[in-house]
Amino acid sequence: MKRELKKLEEAGQVLLQEINEPEGEPTGHKRSFWNVISIPALAILTGLIIGAILIVATSSSVYEAFSHSFGEGLAAIGKEVFTAYKALFTGSIGDPVRIINAISSGDDRLIRAAVNPFLESLVQATPYIFAGLAVALGFRAGLFNIGVEGQLFIGAACATFVGYAIKGLPFIIHMPLAFLAGALGGALWGFIPGLLKALTGGHEVINTIMMNYIAFRLTEWLLSGPMTRPGSGGMPISPIIEESAQIPQFFKNPIRIHLGFFIALGVAWLIWWLLFKTKWGLNLRIVGANPRAAKYAGLSVGKSYMLGMAISGALAGLAGGVQILAVNRSMALGLSSGYGFDSIALALIGNNHPLGVILTSILFGTLRNGATRMMVVSSIPIDIVDVMQAIILMFVAAPAIIRTLYRLRKPKQEEETAFVSGWGGGQS
Amino acid sequence: MTNTSLAIKHKRIYEISPGRKIFMGIAELLIALIILVGFVLNTEANTLTTFVMTPGGIEIGAMPDWVIPALPTLIVLTIIPTLIGVYQLIRGFGRATNAMVGVSALCLIFGFVTWQASGKSVNLAGMLTSAVSLAVPITLGAFSGVLSERAGVVNIAIEGMMLMGAMVGSLIGSLTHNAWIGLAGSILSGLLLSSIHAVLSIKYKINQVISGTVINIFSAGMTAFISQKYLQPNQALNTPPLFARLPIPGLASIPLLGPMFFNTNVFVYLMFILLIVIQVALFSTRWGLRLRSVGEHPRAADTLGIDVIKTRYVAVLLSGIVAGLGGAFFTLGSVGRFNEGMTAGKGFIGLAAMIFGNWRPLGAMGAGLIFGFADAIGSKLLLLGSAIPPQIMAMAPYLITMIVLAGFIGKGDVPAADGEPYEKE
Amino acid sequence: APKAEEPETAPPAVEEPVVEEPVVEEKKLLVCQITDTGGIDDKSFNQTAWKGIEDAIKGLGIEGKYLESQEVADYEKNLNAFIEEDCDLIITVGFLIADATAAAAGDYPDNKFSIVDFAYDPAINNVVGQLFQTDEAGFLAGYAAAAVTKTGKVGTFGGLPIPTVTIFMKGFVEGVDYYNSVKGTDVVVLGYDLEDETKGLFSMDFDDQQKGRELAISLMDEGADVIMPVAGPVGLGAAAAIQERGNAYLIGVDSDWYLTAPEYAAITLTSVMKMMDATTYQVIESVIDGSFAGGNVIGTLENGGVKIAPFHDLDNLVPADIKAELEQIQADIISGKIKLK
Amino acid sequence: MEFVLELKGITKQFPGVLANDHINLTLKKGEILALLGENGAGKSTLMNILYGLYQPDEGEIFINGKKAVINSPTDAIQAGIGMVHQHFMLIPVFTVAENIMLGQESVKFGDFLDRAEASKKILEISEQFNLPVNPNDMVRDIPVGIQQKVEIIKLLYREAEILIFDEPTAVLTPQEADELFAIMRSLAKQGKSIIFITHKLREVLEVADRIMVIRLGTVVGETIPAEADKNSLAAMMVGREVNLVVEKEVKVPGDVVVSIQDLVVVDKFKNIVVDHVSLEVRSGEIVGVAGVQGNGQTELVEAITGLRKNSGGLITLLGEDITHATPRQITELGSAHVPEDRQADGLVLPFPTAENLVLCTYYKEPFSKGVVLQYQTILEHAQHLIHDFDIRTPTALTPVSNLSGGNQQKVIIARELSRPIQFLMASQPTRGLDVGSIEYIHKRIVQKRDEGCAVLLVSPELDEVMELSDRIAVMYRGKILAIVDSNMVTKEQVGLMMAGEIPEEGFTAREERLVEKTF
Ligand SMILES: Nc1ncnc2c1ncn2[C@@H]1O[C@H](COP(=O)(O)OP(=O)(O)OP(=O)(O)O)[C@@H](O)[C@H]1O
Ligand SMILES: Nc1ncnc2c1ncn2[C@@H]1O[C@H](COP(=O)(O)OP(=O)(O)OP(=O)(O)O)[C@@H](O)[C@H]1O
Ligand SMILES: [Mg+2]
Ligand SMILES: [Mg+2]
């Protein structure tokens, strides 16, 4: 038993070493498994605890129970939290009893329904992965891309357009073409603030936020005008994309797991390779960590910002594109539940590393997926997930709070990640 | 010492790059061309444009309408940017270049309105009054930013603080049936959120932009949660009393200005009071000197015995108070009801206004008014039946923000230590 | 009125699906609603449809649940969640959710669905499409507005230039035009262009109430003294502005705002009602009595699916002859004597 | 005898470093005490403890015989202690008066600033101690020498009795330094006590009444100027004999490598900061640019290395026009640049040493093949340089942020000098380093020159420029006042020129090439 634990710990160590010290930039200090995992793990735990407090504090049945007696109140608290979190977990990972029952029954439909929660969590994670990579790459390149949401919309619009407007192409060409169109649209939308930062020093935080609103208005216009579905009378919805442009789903209803998830994993690997194994990536990271030194070393800071924003935008565009091509199959208002904003938290919790982004995306996808079930069972508004995410992000960003809360010792070496601050932009 | 003057007097070159000079000149001529082709050629002779100079529903401070012949006006409006553009191309305006572009842009806007309203009437005073009211949350957001950034703490959480302020104001106002208590609630919520921002960014020294993002996400989630859980099933919790219009005797009867500034609700007055208070406090008092020193060079301030940490806390908390106030405007000063996401990015535009306004209260308010104006004129043009689709028109404030930022950033005096956590060694 | 409602009545507290309990209670009919991304409190179709379910909870003793969709991809997921929950009837709301509903209806032919604000062509036999000829009611409101205005100007604005919104505005304008042609007056409608439905005044947003307020002020500044905002909660911003200025009237939409927004009762002239609650209630009834059959239900003046609300407190404002004329117009529309475009 | 200040057993432990180890120090009224010690010896730490910025782990402070608890600068100011920091603690966008009164403002009507009152007080002090300043000038507009006077007035304004000067002369011309010493002596005469920190042995011998030497956090000796000389002090500091003179053979310079003609550079406020500068550097020659900081040297260096846009003129490197070339083009032509601010410009602090060692070359073979970085090669290269240049780092993968200042500088020197170069642009290569490190870096630079490299050395340290350079160009207000043979001038003459004056008597001229007047 102990041996196995040890083995597990070792495996975890290797994994986390990867996350925190990509081969490109080892810090020379090996940190223990627990050291690395403790902060995010405890942050998530604390987020869940605070979520539970919120659930209890806003539950009328708890108050009612307390009005009867204290014991009943406590029981009600327990029941409330248990019910909610049980729904959260079975809704996102699955109910083992049910899976076994389904398998033993041999009914195809039952099995699909029983294993769906976990696979659905992966479906939910897919746009998070792309959006998270977008933010993470931005941070590595010294850019705070709050514009992922807008880039996602533009990417989705481009993918949709190529998806329905071009007809008669074979799948092998059409789908990749639509996919690339999504990347290109997002890249363009990201490139503009990158260009402005390079040329005028205008801070990308403000500009990307503005570009978000412009993207929303633009897609509204596109969808109710040029791209509207014939016969919808100007309803903001696009035609359904051609079959040849659709990213295939693997199973029948209700399982929606699709090739896009695996493409996301592949893209994450590609981004890791780009950032940590190639000179282009080093270039981006140098500019991100110290633009003045980058200039001194002969790098073009402006170009790097433009490139960084364009790649980041392309990834964001893919988040929208894949969602269209694999899940929605047409574009309408209400495309995103705020992936662009959630991905900021996500990238930070994942230490701006592709592997970390994948893990955190799955966590976020799981939370959101489970929240639906929680809403069905306990009528808890889904927005509670936002609150929990904010809290988790806060604790990850300020590990000192977690350390104080849980009386952890401070590790010898604090990791340093260069981030943007102030409004000076890339000048000086 | 050999030199008698102690200050270095540098030689300076006031020169605009030739590319910029030509670009601006062409832009101005283009504006003239748009007015000519778009408006002048499409206006019939002898039509009149009527500008109503009294907002609807107002009696005091009424003013006669302003009726102008559309075509001659438009011709004049073509000539002005033409002359400016030609001069710009030949000689250049040097330091006045930006101002001249501004004048040309004004000609374009005024021309557009004159053309659209030719043969009709348009309530100009109403539009300006509307601009002031739309400027209020933006300006308050900008003031909030000025307070914290002058002390060296970037606050992008203004949006979140306003959203929370709006919700809490509505909730408390509804519960107590008292707008003032609601306002106090908004302020308190701003204070609470800003204290989180302060603790995270000052005490724990986490990146201030991230700390702000945390608060924005938290506010969006929390307000939606509470709204769904309580406000929406129980409308009684979401019907706060509104602050009523409060004309200031005497001043309110000044034509045009009276209705715009002195016959509105308490938030517009608060905006002006804050303008003066913050301006004076920052630049003429001991408190302000210390606060600014902390934003410029915290170590220097520290060595002189100024408590950097405390000063920053105070600044951020004040920033939260003002942001909470800005939030209250939405529910208590404007619409009397909260709903999710109702701040619609005003906090962020407020930050842009702060930058555009050079981290000064007066500049911030000027910028806020420009954004408010952009918004108001957009609606007015839609109402007049503009050819531009409403979605595109709605982009105006955001586009203007970007253009303005591109033109002005880097020229301002951003506090030198803005965004940098202070580490006592 | 919502004011009187208790906070907890909205989503009835739902116990864990009873699995272990041996005593088989008589299972209540479970009706489940999936909102579009506007959310349950959109002061518009989501909320009105939910009101139909709430009425059925009280009146028919059913059980009701809802799920909010945060994005388009949630539609399918939420449909699956409710299918798994064994809902007896699933109500979906809005045009945008039509594709997903049709797909689910195809996959689960034994389940019953109903969709608000959409009609399938051809009809699907396990989905009831609910569509509303809102312009018919809007026509009446326009006529009444034209009769009431003192300035000769009335106004309207929308949330987004989409058919479900512009159909209100279109009917409203046609009603005013009809009044003009009958009475030889020259009442002007600000904010909507019959020729081009994308032209007009729109807040471009169903959230920004301050915008609604400013749009209403802008309309009043130009002289409008009756205003019909078709923009969900944004319309309440307009209501606040009208109330504050005090010399104009409001026309509510979707539900009777005199009842649902009682704080503005004093200025609410009437409301263009889209009886989604009633039609939803009817569909639930049809499930209970076994008469449920797919197809489309078109709400018209004739079947009471759309109507205008009483004038309530402002009854004195509308002359008796106008009321009579409105009755007549209603009959003429029903009979087809008056044709809407 | 009563001491105004007495430190007893002060100990301060930083993680891994014992910065102060039971240090005792005494100061008499009217005395000037010099503190000497190499980088990291613990001088600043001790002073920061005295000034309330750090709390000691052990030890006590007595002021005028009474035990004092100093928890913050406020306490220190209250106790009559004032400090002029090495990096001025002035706010550029505030006026002189605002800077001085900050923290002890004159106010009226409650909290409103009384600028007139403050100016009056400042002018009084200015007169009494002969420190001319104009209270209404903006600090960013006044020269460094005046800024320092502002710093001193700040202390006197607070009626400090114990004045601490932490490396106050680093940015001054010799004349200004002499002026400062005069001020210090007059302050001492008026009863103020002074602690004076410097790395310059000459200054210590000139101005101090008593000298204390610290090494590795402990006091290793105390002496008086009469009993010490430069060599003995250096040995005491470093713990070994140090060669204070740069050994350098006479060489005949070769061809022109870098030529600058009529260079004009403008800053972001459109001020002309480099004003029609012309200069040539030949192979095998070190040309030193002397001048007080802020006279355009930084901009000159940035213009030559392509970091800043030029507004006029022509620069050629090995015959190629590089006036508008990018830094990379210039580097690839065979030039190297040791930047002025090593942490801001020269290094990416969170990155490992190995990556920093290929900062300018990582994209080329053999460090990259195609787009893929060759980490194995990069590591081997790093190991090599770490050995050759004696860089003290635990491993090649240690982030440079963990290296000491001297070793960080060595990383840059190693990176820049290990390439085949024909031009070296060295900007303040020994800034803030101790004598040991300085000795090493000087040797390396001279070695490059001897190999035929052209070296342009920019430094505000007049000693460094005098000792290393073959020719000296003096920069003042953006112009080059004169270019002189380093053997032909005295330090005083260069110092005068740094203050903007050409010595009337001319230079002690030898026959040949002497002074090329450039304006
Ligand atoms: N805040 C700190 N944390 C950790 N170590 C520190 C800190 N400050 C100083 N040290 C260490 O304490 C030692 C003494 O530093 P100090 O700055 O006092 O030296 P110094 O004599 O002033 O050197 P210099 O001549 O370079 O100014 C050094 O080893 C330094 O690295
Ligand atoms: N911030 C830090 N983090 C970790 N280690 C540090 C830090 N600062 C200094 N050190 C370590 O403390 C030691 C002393 O640093 P310091 O800068 O005082 O060196 P030094 O004695 O001045 O050397 P040099 O003469 O090369 O500047 C070094 O070994 C360095 O690795
Ligand atoms: Mg050191
Ligand atoms: Mg020191």
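Colleague: How many residues of domain 1 of chain B are in contact with domain 2 of chain B, and how should I read such a count?

Modeller: Before any count, note that this is a predicted model, in which local features need pLDDT of at least 70, side-chain atom pairs count only at pLDDT 80 or more, and totals for chains, interfaces and linings use all residues. Residues are numbered from 1 along each chain as its sequence is written, chains are lettered from A and ligands numbered from 1 in the order in which they are written, and side-chain values use heavy atoms, with hydrogens and water left out. Contact means heavy atoms within 4.5 Å, and by that rule six residues of domain 1 of chain B touch nine residues of domain 2 of chain B.

Colleague: What area do domain 1 of chain B and domain 2 of chain B bury between them?

Modeller: The size of an interface is often given as the accessible area lost when the parts come together. Here, buried area is the accessible area (1.4 Å probe) that two parts lose on being put together, summed over both. Domain 1 of chain B and domain 2 of chain B bury about 590 Å² between them, with 75% of it on carbon and sulfur atoms. Of the area that domain 1 of chain B buries against domain 2 of chain B, 64% is supplied by Ile58(B), Ile60(B) and Gly61(B), more than any other three residues. On the side of domain 1 of chain B that touches domain 2 of chain B there are five nonpolar residues, one polar and no charged; for these classes, Ala, Val, Leu, Ile, Met, Phe, Trp, Tyr, Cys and Pro count as nonpolar, Asp, Glu, Lys and Arg as charged, and the others, Gly among them, as polar.

Colleague: How many salt bridges are counted between chain A and chain B?

Modeller: A salt bridge is a side-chain nitrogen of Lys or Arg within 4 Å of a carboxyl oxygen of Asp or Glu, and the count between chain A and chain B is zero.

Colleague: How many residue pairs are in polar contact between chain A and chain B, and which element gives the largest share of the side of chain A?

Modeller: A polar contact is a pair of N or O atoms within 3.5 Å; within protein, one must be able to donate a hydrogen and the other to accept it, and residues adjacent in sequence count only if both atoms are side-chain atoms. Between chain A and chain B three residue pairs are in polar contact (both at pLDDT 80 or more).

Colleague: How many salt bridges are counted between chain D and chain A?

Modeller: The count there is two salt bridges, and in one of them the side chains of Arg292(A) and Asp345(D) meet (2.9 Å, N to O). Twelve residue pairs are in polar contact between chain D and chain A (both at pLDDT 80 or more). By class, the side of chain D that touches chain A has 20 nonpolar, eight polar and six charged residues. In all, 34 residues of chain D are in contact with 27 residues of chain A, and the area buried between these chains is about 2,600 Å², of which carbon and sulfur atoms give 60%. Phe351(D), Tyr362(D) and Val371(D) supply 22% of the area that chain D buries against chain A, more than any other three residues.

Colleague: Which residues are the closest to ligand 1?

Modeller: A residue is near a molecule if one of its heavy atoms lies within 4 Å of it. Ligand 1 is surrounded by 14 residues, the closest being Asn39(D), Gly40(D), Lys43(D), Ser44(D) and Thr45(D). A polar side-chain atom of Ser44(D) lies 2.6 Å from an oxygen atom of ligand 1, while a backbone N or O atom of Gly42(D) lies 2.9 Å from an oxygen atom of ligand 1.
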